[in-house]
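Colleague: I would like to learn how to read a structure like this one, feature by feature. Could you take me through it slowly?

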Amino acid sequence: MRIDKDLVAASATPLVLGILSDGDLYGYAILKRVGELSGGGMQWTDGMLYPLLHRLERLGYVSSSWGTSEAGRRRKHYAITPAGREAFADRQEQWTVVAEALRQVWHTAQRPPAVAPGWA
Amino acid sequence: MEHAELEAQIDRWRGYVQRRQAISPADVDELEDHLREQVADRQATGLDDEEAFLVAIKRLGNLDAVSREFAREHSDRLWKQLVLMPEDPADAGATPWRELAIVLALAVGAGLAVKAGLTWIEGGGVLARNLGLLVLPFLTGYFAWKRRLSARVVLGILVPFAVLAVALNAYPFTSGGSTELLAVLHAPVVLWLLAGIAYVGGRWRSDGRRMDFARFTGELVIYFTLLALGGAVLTGLTFAVLQLVGADLEPVLENWILPFAVPGALVVAAWLVEAKQNVVENIAPVLTRVFTPLTIAMLVAVLAVLAAVGGLAEVDRGLLILMDAILVLVLCLLLYAISARNSLAHPGVFDVLQLVLVAAALAVDAVMLTAMLTRIAEFGFSPNKIAALGLNLLLLIHLARTGWLTVGFLRGRRPFTALERWQTRYLPVYALWAAVVVLAFPPLFGFI
């Protein structure tokens, strides 16, 4: 199943903040974690993660530091900041409201009428 | 190496990404780390190098879209920033601060030399002869340090410098005579050639390095002008404030600020041009495009006026000198336009415009030569006339061949590099001629 790209974009910030609140990570590891959490359903364009991370850094939600990988390459690690945790809590509330509303819609909405068998 | 092909592919990709202005080198490092992780994970699932690389690139996404996203986040990067002092101490080392200290010391040194000259050298003529000798060593010294010149090259610069210094001071010039004035005007050209040898790090045979020096000269003029404008505004404001409280700054300006600020600004401008060469787009191409059509209009107007005046023998000597100045300016513009042009680009409208400029300059030069020869036939030789005649002949050869090569280029018969090479090969001729005027003219004409 492909997830609509607007939906991916809207959920990207809380996902990244949530993943980082479990511990510091670098870009590739964040994307891998997204894949695991969604069971492979959410496929991001990898390159788009970095402008997003830089935007979150500019907003003060995450901080970054350069380290080295096991292979000795330069690697940038990201960590969530207190402001980021606040923003994350705020997003969580918003998404809870949205999810609750959607849940009720799914529940009450009529399913499309099934096609009567035998007439095709 | 086992994964040589993969490494080569990643290298090529890096070069490709690095050309994006919105993506900084640090971002490229970050993306490369991502790419390599992705490749390693794909290899672990059994893909070979090539397949793994292709998948990783595909997952990274369309580079245009990603680069646009980077640009949206970092719009400031589209304005390239001049970094004089690297912020990251890790890749800085000690050199930038040391370089700044050396530049400032040389700037102050040039100021001190000029101030000393003003204080101790008697007579305006003697001072004018020595002014270049006082300032240029500091600029040349900066490049000598920066390029780590070998002792042989340093000697090759010092000996001509010493000869020039001795000639300018030991010749018994008639005060205010024309050979003295010619020496004052031509000595800086020779000194500039010596500075050029230091600039190219002694590789003066290389056409590319010579062209770099031409570019450097143009950018230096622009930077120096900008510094001078800024300095003038600052001094003007200080003046105005001090005048209100009744203090007169003029003696201070004359005796202290100008002698230090002007030579100092020259050294600092040289450093700025050195530091920025790869960072900021050169302003030169823009300026040449603006001024080439304007200069053509000026040359045509001048030609029309000269034709209207008629009898060229009566043309004033001052006018001939002015016209020489105009032609030298045209030549600088031309040289700068050529140095700023991408030599691989196809002929375009601007190249035609350049040819028109050369043709107009040639016409002016021809009129000038006729006027000069007429004057010489009528009034006989004088050092001024011979110097002007020599310069005009040099300009004529330079312009004629430039025009010829431009025609060849426009018709697709010759590469643009032929035009470039002609410029760089011909430039030292001017300095040699200037050396002849400084060294041989005074004795030839009896120091009048």
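Colleague: Let us begin with length: how many residues has helix 16 of chain B, and how far does it reach from its first C-alpha to its last?

Modeller: Bear in mind throughout that this is a predicted model. To read a helix length, one compares the reach with what is expected at 1.5 Å a residue. Helix 16 of chain B has 24 residues and reaches 36 Å from its first C-alpha to its last, which is close to the expected 34 Å. Helix 1 of chain B, residues 4-18, can be read in the same manner: its 15 residues should span 21 Å, and its end C-alpha atoms are 21 Å apart, which agrees.

Colleague: Which residues of helix 16 of chain B are buried?

Modeller: Burial is read by counting neighbours, and a residue is called buried if 20 or more other C-beta atoms lie within 10 Å of its own. In helix 16 of chain B the buried residues include B:Leu419, B:Glu420, B:Tyr430, B:Ala434, B:Val437 and B:Val438. In helix 1 of chain B, the number buried is one of 15 residues, so that helix lies largely in the open.

Colleague: What does helix 16 of chain B meet in helix 9 of chain B, and at what angle do the axes cross?

Modeller: For a pair of helices, one looks at the axes and then at the residues that meet. The axes of helix 9 (residues 178-199) and helix 16 (residues 416-439) of chain B come within 8 Å and cross at roughly 140°. That angle makes helix 9 of chain B oblique to helix 16 of chain B, and the crossing is left-handed. Among the residues that meet are B:Leu182, B:Val189 and B:Leu193 from helix 9 of chain B, and B:Pro428, B:Tyr430 and B:Val438 from helix 16 of chain B. The residues of this contact divide into 13 nonpolar, one polar and no charged.

Colleague: How many helices and strands has each chain?

Modeller: Chain B has 17 helices and zero strands, whereas chain A has four helices and three strands, which follow the pattern α-β-α-α-β-β-α along the sequence. Of the 448 residues of chain B, 29% count as buried, and of the 120 residues of chain A, 22% do. Among contacts in chain B between residues at least 6 apart in sequence, 79% join residues at least 24 apart; in chain A, residues 24 or more positions apart account for 50% of the contacts with a separation of 6 or more.

Colleague: How many residues does each chain bring to the contact between them?

Modeller: The contact takes 17 residues from chain B and 15 residues from chain A. On the chain B side, helix 2 (25-44), helix 3 (49-60) and helix 4 (63-73) each supply at least two residues, and helix 2 of chain B gives the most, with nine residues. The residues of that side of chain B divide into four nonpolar, three polar and 10 charged.

Technical notes:
Residues are numbered from 1 along each chain as its sequence is written. Chains are lettered from A and ligands numbered from 1 in the order in which they are written. This is a predicted model: local features need pLDDT of at least 70, side-chain atom pairs count only at pLDDT 80 or more; totals for chains, interfaces and linings use all residues. Two residues are in contact if their C-beta atoms, placed from the backbone, lie within 7 Å. Ala, Val, Leu, Ile, Met, Phe, Trp, Tyr, Cys and Pro count as nonpolar, Asp, Glu, Lys and Arg as charged, and the others, Gly among them, as polar. Axes are lines fitted to C-alpha atoms, for helices over the stretch in contact, and angles run from 0 to 180 degrees between N-to-C directions. Angles under 35 degrees count as roughly parallel, over 145 as roughly antiparallel, 65 to 115 as roughly perpendicular and the rest as oblique. A crossing is left-handed if the near helix is turned anticlockwise from the far one by less than a right angle, and right-handed if clockwise. The expected span of a helix is 1.5 Å times one less than its number of residues. A residue is buried if 20 or more other C-beta atoms lie within 10 Å of its own, exposed if 12 or fewer, and partly exposed in between; C-beta atoms are placed from the backbone.
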